[in-house]
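User: Please go through the terms used to describe this model and set each one against its definition.

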Amino acid sequence: TESSGLKDFDLALQMKSMGIERVIYTDISRDGMMQGFGYESTKRFAERAGMKITASGGVTNAEDMKRLLELKPYGVDSVIIGKALYECNFPCQELWYAFEEGITLDHNFSTARKK
């Protein structure tokens with residue numbers, strides 16, 4: 001509830017110097033707002049921190065997930081999705097089909113295409 005005056009990436013660099021290899025980065029101005037994640041703030045943080053990053057806060061839909069892929073070269077390699085799943089806003093089947101090429105499917109379950 002109080003500002004420490006410490007920049008997010010400075011804290012990450014302190015953690016990195018202690019041997020921490022991954023951090024969860026949440027743009028708190030977007031967390032739970034269902035308005036998309038903070039692409040620029042996440043990218044800026046990842047560039048400065050130079051660590052493995054789990055993005056969090058504001059991921060709303062499949063387009064956000066696809067956009068996160070653009071940040072992989074900066075160390076953003078995983079994501080936490082919360083409210084979008086709770087609100088049924090996240091089209092999991094759409095993502096599955098977007099990435100299923102080359103995936104071996106177990107046909108003992110339904111893989112019906114979205115209409």
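**Burial and contacts of a helix residue**

User: Why is Tyr 39 called buried?

Analyst: Tyr 39 has a relative accessible area of 11%. Buried means under 20% relative accessible area, exposed over 50%, and partly exposed in between, with a 1.4 Å probe and protein chains only; Tyr 39 is therefore buried. The model is predicted: local features require pLDDT of at least 70, side-chain atom pairs count only at pLDDT 80 or more, and totals for chains, interfaces and linings use all residues. Residues are numbered from 1 along each chain as its sequence is written, and side-chain values use heavy atoms, with hydrogens and water left out.

User: Where does Tyr 39 lie, and which residues does Tyr 39 contact beyond its sequence neighbours?

Analyst: Tyr 39 belongs to helix H2; helices (H or I, at least four residues) and strands (E, at least two) are DSSP runs numbered from the N terminus. Beyond four places in sequence, Tyr 39 contacts Arg 67, Glu 70 and Leu 71, where contact means heavy atoms within 4.5 Å. The C-alpha atoms of Tyr 39 and Asp 64 are 8.8 Å apart, at a separation of 25 residues along the chain.

User: Which other residues of H2 are buried, and what covers the buried residues of H2?

Analyst: Besides Tyr 39, the buried residues of H2 are Ser 41, Thr 42, Phe 45, Ala 46 and Ala 49. Their cover includes helix H1 (8–17), S1, strand S2 (52–56), helix H3 (62–68) and strand S3 (76–80). Ser 41 counts as buried because its relative accessibility is 13%, and Ser 41 touches Tyr 25 and Asp 27, residues up to four places away in sequence not being counted. Just after H2, Gly 50 adopts a positive phi of about 60 degrees.

**Aromatic pair**

User: How many aromatic pairs does a search of the whole structure find, and what makes the arrangement of Tyr 25 and Phe 45 stacked?

Analyst: The search finds one aromatic pair. Tyr 25 and Phe 45 are 4.4 Å apart centre to centre, with 20 degrees between the planes. Rings of Phe, Tyr and Trp (its six-membered ring) pair if their centres lie within 6.5 Å; planes under 30 degrees apart count as stacked, over 60 as edge-to-face and the rest as tilted. The pair is therefore stacked. It links distant parts of the chain, with Tyr 25 in strand S1 (residues 22–26) and Phe 45 in helix H2 (residues 39–49), 20 residues apart. Both Tyr 25 and Phe 45 are buried.

**Two further residues**

User: Why do Val 76 and Lys 83 receive their accessibility classes?

Analyst: Val 76, in strand S3, is buried because its relative accessibility is 4%. Its contacts beyond four places in sequence are Thr 42, Ala 46, Ile 53, Ala 55, Leu 68 and Leu 71. Lys 83, in helix H4 (residues 83–86), is partly exposed because its relative accessibility is 39%.

**Confidence**

User: What is the average pLDDT of the chain, and where does pLDDT stay under 50?

Analyst: The average pLDDT, the predictor's confidence in each residue from 0 to 100, is 76, and 67% of the residues score at least 70. Over residues 110–115 pLDDT stays under 50, and the model has eight contacts there beyond four places in sequence. Where pLDDT is low, the predicted coordinates should not be read in detail.
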